[in-house]
Amino acid sequence: MKESFSLKLTWLWEQVRHMPGTIDLETLRQYTRCYIMLLIGGYLMMDKSNNLVHLQWLPLLVDFRMCRGLSWGSAVLAWTYHSLCSAAHRGTTDIAGCTPLLMSSIY
């Protein structure tokens with residue numbers, strides 16, 4: 001049996017798309033976590049497949065007050081540099097990380 005520690009972005013998108021109109025505060029927080037996970041996996045800290053988000057980011061979204069104090073920009077930059085180092089290995093054909101950040105630094 002293969003264990004997966006990632007969520008499919010398409011599944012997250014389906015959850016966010018079908019948000020009910022009237023919901024309680026805790027349900028709203030759950031939908032907010034789904035949306036932030038979409039942003040992390042689909043734009044900020046993409047993996048090579050570009051359709052999964054690792055669950056390692058989820059504990060950071062437990063407390064939104066603490067989450068607001070985290071240095072997300074530094075984390076994205078570190079993730080991008082890590083991905084660049086991994087892409088430099090022989091035989092690597094894809095790159096992960098925030099590619100829009102890389103493209104903006106070219107100009």
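What share of the 107 residues of the protein chain count as buried? I began with this, and the answer is that 21% of them do, where buried means under 20% relative accessible area, exposed means over 50% and partly exposed lies in between, with a 1.4 Å probe and protein chains only.

**Ground rules.** I am working with a predicted model, in which local features need pLDDT of at least 70 and side-chain atom pairs count only at pLDDT 80 or more, while totals for chains, interfaces and linings use all residues. Residues are numbered from 1 along each chain as its sequence is written, and side-chain values use heavy atoms, with hydrogens and water left out.

**Overall layout.** I looked up the secondary structure and found five helices and two strands in the protein chain, running β-α-α-β-α-α-α from the N terminus on; helices (H or I, at least four residues) and strands (E, at least two) are DSSP runs, numbered from the N terminus. I noted that the C-alpha trace spans about 50 × 35 × 25 Å along its principal axes. Taking contact to mean heavy atoms within 4.5 Å, I find that residues 24 or more positions apart account for 54% of the contacts with a separation of 6 or more.

**Helices α1 and α2.** I next looked at how these helices meet, and recorded that their axes come within 9 Å and cross at roughly 145°; axes are lines fitted to C-alpha atoms, for helices over the stretch in contact, and angles run from 0 to 180 degrees between N-to-C directions. The crossing of α1 and α2 is left-handed, a term that applies if the near helix is turned anticlockwise from the far one by less than a right angle, and right-handed applies if clockwise. On the α1 side I listed Leu9, Leu12, Trp13, Gln15 and Val16, which meet Tyr31, Cys34, Tyr35, Met37, Leu38, Gly41 and Gly42 in α2.

**The nonpolar core.** I then asked which residues have the most contacts inside the largest nonpolar core. They are Leu12, Met37, Val53 and Trp57, in a core of 14 residues; such a core is a set of buried Ala, Val, Leu, Ile, Met, Phe, Trp, Tyr and Cys residues joined through side-chain atoms within 4.5 Å. The elements that give two or more residues to this core are α1 (9–17) and α2 (25–44), and α2 gives the most, with four residues.

**Trp57 and its partner.** I followed Trp57, which is buried, with a relative accessible area of 12%, and which, leaving aside neighbours within four places in sequence, is in contact with Met37, Ile40, Met45 and Trp79. A search of the whole structure gave me one aromatic pair. Trp57 and Trp79 form this pair, which is edge-to-face, at 6.0 Å centre to centre and with 80° between the planes. Trp57 lies in the loop between β2 (52–54) and α3 (64–68) and Trp79 in helix α4 (residues 72–87), so the pair ties together parts that are 22 residues apart in sequence. For the pairing rule I noted that rings of Phe, Tyr and Trp (its six-membered ring) pair if their centres lie within 6.5 Å, with planes under 30 degrees apart counted as stacked, over 60 as edge-to-face and the rest as tilted. Trp79 is partly exposed, with a relative accessible area of 24%.

**Arg33.** A polar atom of its side chain lies 2.8 Å from the backbone oxygen of Leu61. Leaving aside neighbours within four places in sequence, Arg33 is in contact with Glu26, Leu61, Val62 and Phe64.

I looked up Trp72, which lies in helix α4 and touches Ile40, Met45, Leu60, Leu61 and Cys67, not counting residues up to four places away in sequence. Trp72 and Val62 are ten residues apart in sequence and 15 Å apart in space, C-alpha to C-alpha. Cys85, also placed in helix α4, counts as exposed at 54% relative accessibility, and its C-alpha atom is separated by 9.5 Å from that of Ile95, ten residues apart along the chain. Last, I checked Gln56 in the loop between β2 and α3; Gln56 is partly exposed, with a relative accessible area of 39%, and its C-alpha atom and that of Ser6, 50 residues apart along the chain, are separated by 8.4 Å.

Note on methods. Polar contact = N/O pair within 3.5 Å; in protein donor to acceptor, adjacent residues only side chain to side chain.
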